[in-house]
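Trainee: I would like to learn how to read a few features of a model. Could you take me through them?

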Amino acid sequence: MAADALSRVFSALADPTRRDIVARLAGGDATVNELAEPYDVTVQAVSKHLRVLEDAGLVTRSRDAQRRPAHLEADVFDLMTKWIERYRRQAEERYQRLDALLETLADDAQARTTEPTTTEPTTTEPTATEPTTTEE
Amino acid sequence: MSTTTPTSGHRTEVTSDPDVPLVRIVREFDAPPLLVFRAHVEPELVTQWLGPRKYEMRLDHWDCRTGGSYRFLHVGDGQEHGFHGCFHEVRPNELIVQTFTYEGVPDGVALERLTLDDLGGRTRLTATSLVESFEARDAVISSGMEEGLAEAYERLDELLLRDTAA
């Protein structure tokens, strides 16, 4: 039933106010009123944000009658953010290699356009369309 | 080339759609779309960046044009993982739409869409991957994690049970 769990975590954390609430709950449990204080929003609005975080499994509320302090489920939070961050880092590593490759391709294109050893690096448009790397 | 320091200051952003099982990656590059496109199309360039670092990426074939297909292997740790798919639509310097199948799960297929936006000498790359279910999407994101999907769902189930029982 928790199939779209990660989606809910993703969208729950997409909102800056909710990210802030999570950051503050990481420092300790807090009631809705306490959480609402620093924001220019109503208690109801914060309550709504908390509901979203609850639905995502990131936050629980104790049954402590009146106060019902919100509690960050650090395990779930850590695990989900770890997944996302690791996935992101893998993509990042790939794209950093692509950065490096693109740099050499741009250099190649530059070198070819300035063939007759002119001193000024005339910034001609990269004529990289020609398949130069076909020397198999 | 083995350094991990970013050669550009660009950050890779990963987002997920709450309504459909889709992951979106957005990244900018300090190169024109022409070059970014070439790096996706020319086999000898593709192998230089696409595979994960711990595996060797071996191309069986890579025919990146509309109606073309590809197959490649990740080889390492005494293991071989195969991947294949078709290039559905390829428009130079702009768009690549392709299917993607991990041969370990041969019935599964992702629909991938890559768009390149020209930012005037720079490029914004947007890559989306649409899979069949939220479970499949979560499995993709959590693959290779020491704490896998099952454990996370167990914890979540426990949590939800605790909530409803309370």
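Trainee: Is Asp77(B) buried or exposed?

Mentor: Buried means under 20% relative accessible area, exposed over 50%, and partly exposed in between (1.4 Å probe, protein chains only). Asp77(B) has 62% relative accessibility, so this residue counts as exposed. A word on the source: this is a predicted model, where local features need pLDDT of at least 70, side-chain atom pairs count only at pLDDT 80 or more, and totals for chains, interfaces and linings use all residues. Residues are numbered from 1 along each chain as its sequence is written, chains are lettered from A and ligands numbered from 1 in the order in which they are written, and side-chain values use heavy atoms, leaving out hydrogens and water.

Trainee: Where is Asp77(B) found?

Mentor: Strands (E, at least two residues) are DSSP runs, numbered from the N terminus. Asp77(B) lies in the loop between strand 4 (69-76) and strand 5 (79-91) of chain B. Its phi is near 55°, a positive value in a residue other than glycine. Asn93(B) also has a positive phi, near 65°, and sits in the loop between strand 5 and strand 6 (95-102) of chain B.

Trainee: How many bridges join strand 1 of chain B to strand 2 of chain B?

Mentor: Two strands pair if DSSP finds at least two bridges between them. Here 4 bridges join strand 1 (residues 13-16) to strand 2 (residues 22-29) of chain B, running antiparallel. Glu13(B) stands opposite Val26(B) in strand 2 of chain B, and a hairpin links these two strands of chain B through 5 residues.
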